Amino acid sequence: MTTSIAAMAHGQVLEAAGAQLFGVMLFLAAAMFGLLGLIDAVTGVNLLGKARPRPWWAWVALAGLLLGWGVKVALGVLSGQYPLWS
């Protein structure tokens, strides 16, 4: 996921998605919260308080993580990068 986040920071979206799809989603979420924090600091409007974590966020994050790894493994098996039989 580190490779994916670093690629996103450099604007290489396709490389990031190829490394780990969940890293792209995590980067976008971090950027969104950073932007909300900046708006909060400049305007004084408590946007971060309204976007506080809720229990269902953990389930969504876990599902996204598992889906990201599932896609990576499935693509690896289909391309032959992760052969099932030697």
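Where does Phe-22 lie? Phe-22 sits in helix 3, where helices (H or I, at least four residues) are DSSP runs numbered from the N terminus.

## About the model

This is a predicted model, in which local features need pLDDT of at least 70, side-chain atom pairs count only at pLDDT 80 or more, and totals for chains, interfaces and linings use all residues. Residues are numbered from 1 along each chain as its sequence is written, and side-chain values use heavy atoms, with hydrogens and water left out.

## The largest pocket

The largest pocket holds about 280 Å³ of space. A pocket here is an open set of points on a 1 Å grid over the protein atoms alone, with protein on both sides within 12 Å along at least five of seven lines, and lining residues have an atom within 4 Å of a point. The volume is the space filled by probe spheres set on the points.

Among the lining residues are Phe-22, Phe-33, Trp-56 and Trp-57. Helix 3 gives the largest share of the lining, 6 residues. By class, the lining has 10 nonpolar, 1 polar and no charged residues, with Gly counted as polar.

Back to Phe-22: at 12% relative accessibility, Phe-22 counts as buried, because buried means under 20% relative accessible area (1.4 Å probe, protein chains only).

## The nonpolar patch

On the surface, Leu-21, Met-25, Leu-67, Val-71, Leu-75 and Leu-78 form a nonpolar patch, together about 580 Å² of accessible area. Patch residues have over 30% relative accessible area and no salt bridge, and nonpolar side chains are joined within 5 Å; areas come from the Shrake-Rupley method with a 1.4 Å probe. A salt bridge is a side-chain nitrogen of Lys or Arg within 4 Å of a carboxyl oxygen of Asp or Glu.

Helix 5 gives the largest share of the patch, 4 residues. Val-71 has its place in helix 5, and Val-71 is partly exposed at 32% relative accessible area.

Key. Patches are made of residues with over 30% relative accessible area and no salt bridge: like charges are joined within 9 Å, nonpolar side chains (Val, Leu, Ile, Met, Phe, Trp, Tyr) within 5 Å. Helices (H or I, at least four residues) and strands (E, at least two) are DSSP runs, numbered from the N terminus. Buried means under 20% relative accessible area, exposed over 50%, partly exposed in between (1.4 Å probe, protein chains only). On a 1 Å grid over the protein atoms alone, a cavity is a set of points where a 1.4 Å probe fits but cannot get out, and a pocket is an open set with protein on both sides within 12 Å along at least five of seven lines; lining residues have an atom within 4 Å of a point.
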